[in-house]
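Please work through the following exercises with the model at hand. Each task is followed by a worked solution.

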Amino acid sequence: MSERAAPFYCPYCGDEDLRPSEEGSVPGGGAAWECAACNRAFRLKFLGLLAAGLRPAHTDGEDPSP
Ligand SMILES: [Zn+2]
């Protein structure tokens, strides 16, 4: 799994002409993507893991006493 996820379509207009934005060219900083069709810049943000993925593997089948 790469650090930066690559979008296939613009979430706003659906165009496929996306280019990686330069660092610092978007307010807030960080890596972003630019859509050449609608001239929007957006960012794919990792929010966190789902609750189902938070179960540690080493406690599987055992009762973790707090
Ligand atoms: Zn677009």
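The exercises below treat a metal site, a strand arrangement, a nonpolar core and a salt bridge.

The model is predicted, so local features need pLDDT of at least 70 and side-chain atom pairs count only at pLDDT 80 or more, while totals for chains, interfaces and linings use all residues. Residues are numbered from 1 along each chain as its sequence is written, and side-chain values use heavy atoms, with hydrogens and water left out.

**Exercise 1.** Identify the protein donors of the zinc ion and assign their geometry.

*Solution.* Step 1: donors are N, O and S atoms within 2.8 Å of the metal (3.2 Å for Na, K and Ca). The SG atoms of Cys10, Cys13, Cys35 and Cys38 are the protein donors, at 2.2 to 2.4 Å from the zinc ion.
Step 1: four donors count as tetrahedral if all angles lie between 85 and 135 degrees. The angles subtended by the four donor atoms are 107 to 115 degrees, so the arrangement is tetrahedral. The ideal angle for four tetrahedral donors is 109.5 degrees.
Step 2: along the sequence, the donor residues follow the spacing C-x2-C-x21-C-x2-C. Because Cys13 lies in the segment before β1 (18-20) and Cys35 in strand β2 (residues 33-35), this pair ties together parts 22 residues apart in sequence. Strands are DSSP runs (E, at least two residues), numbered from the N terminus.

**Exercise 2.** In what order do the three strands form the open sheet, and which strands stand at the edges?

*Solution.* Step 1: two strands pair if DSSP finds at least two bridges between them. The order is β1-β2-β3, with antiparallel pairing.
Step 1: β1 and β3 (41-42) each have a single partner strand, so one side of each is left without a neighbour in the sheet.
Step 2: β2 and β3 are joined by two bridges, and Trp33 stands opposite Phe42 in β3.

**Exercise 3.** Which residues make up the largest nonpolar core?

*Solution.* Step 1: such a core is a set of buried Ala, Val, Leu, Ile, Met, Phe, Trp, Tyr and Cys residues joined through side-chain atoms within 4.5 Å.
Step 1: the five residues are Cys10, Leu18, Trp33, Cys35 and Phe42.

**Exercise 4.** Locate the one salt bridge of the whole structure.

*Solution.* Step 1: the criterion is a side-chain nitrogen of Lys or Arg within 4 Å of a carboxyl oxygen of Asp or Glu.
Step 2: Asp17 is partly exposed at 34%, as is Arg19 at 44%.

How values were computed. Four donors count as tetrahedral if all angles lie between 85 and 135 degrees; four count as square planar and six as octahedral if opposite donors are over 155 degrees apart and all others between 65 and 115; anything else is irregular. Helices (H or I, at least four residues) and strands (E, at least two) are DSSP runs, numbered from the N terminus. Buried means under 20% relative accessible area, exposed over 50%, partly exposed in between (1.4 Å probe, protein chains only).
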